[in-house]
Amino acid sequence: GQTVLVTGAGGSIGSELCRQIARFGVGRLVCVDVSEYAIYRIEQELREAHPQMDGVYYTANVREFERLGAIFERHRPAVVFH
């Protein structure tokens, strides 16, 4: 029931983490990836497989401190997978 944030969510490992986290009934899943296309693909997959899940998807580089800080401030994740 908590908020979980995954960086690299569109990659092979990150997307698999997202799939598994979604199966556990997460309160909110915040997915972050630098690739717009990769984040779009995982968003489409998760929306279809878990339509009830509260998923939020961002295109952002983890090196952008201010952008990532704003995402953390907004969602206050309890757990981060990086």
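## Basis of the report

Contact means that heavy atoms lie within 4.5 Å. The structure is a predicted model, in which local features need pLDDT of at least 70 and side-chain atom pairs count only at pLDDT 80 or more, while totals for chains, interfaces and linings use all residues. Residues are numbered from 1 along each chain as its sequence is written, and side-chain values use heavy atoms, with hydrogens and water left out.

Helices (H or I, at least four residues) and strands (E, at least two) are DSSP runs, numbered from the N terminus.

## T7 in strand β1

T7 lies in strand β1, which spans residues 3-7. T7 counts as buried because its relative accessibility is 11%; buried means under 20% relative accessible area, exposed over 50%, and partly exposed in between (1.4 Å probe, protein chains only).

Apart from neighbours within four places in sequence, T7 is in contact with V32, V62, F81 and H82. The side chains of T7 and H82 are also joined by a polar contact of 2.7 Å. A polar contact is a pair of N or O atoms within 3.5 Å; within protein, one must be able to donate a hydrogen and the other to accept it, and residues adjacent in sequence count only if both atoms are side-chain atoms.

## F81 in strand β4

F81 is placed in strand β4. With a relative accessibility of 31%, F81 counts as partly exposed. Not counting residues up to four places away in sequence, F81 touches V4, L5, V6, T7, L17 and I21. F81 and V4 are 77 residues apart along the chain, and their C-alpha atoms are separated by 7.8 Å.

## Helix α1

Helix α1 (residues 12-23) has twelve residues, and its first and last C-alpha atoms are 17 Å apart, close to the 16 Å expected at 1.5 Å a residue. The expected span is 1.5 Å times one less than the number of residues.

The buried residues of α1 are G14, S15, C18, I21 and A22. They lie on the same side of α1, because they cover an arc of only 125° around the axis; the arc is that of the directions from the helix axis to the C-beta atoms. These buried residues pack against β1, β2 (28-33), α2 (36-49) and β4 (79-81). The face turned away from them carries the exposed residues S12, I13 and R23. Just after α1, G25 takes a positive phi of about 75°.

## Helix α3

In helix α3 (residues 65-75), the buried residues are L68, I71 and H75. Their arc around the axis is only 55°, so they are on the same side of α3. Their cover includes β1, β2 and β3 (55-59). Exposed residues F65, E66 and R74 are carried on the face turned away from the buried side.
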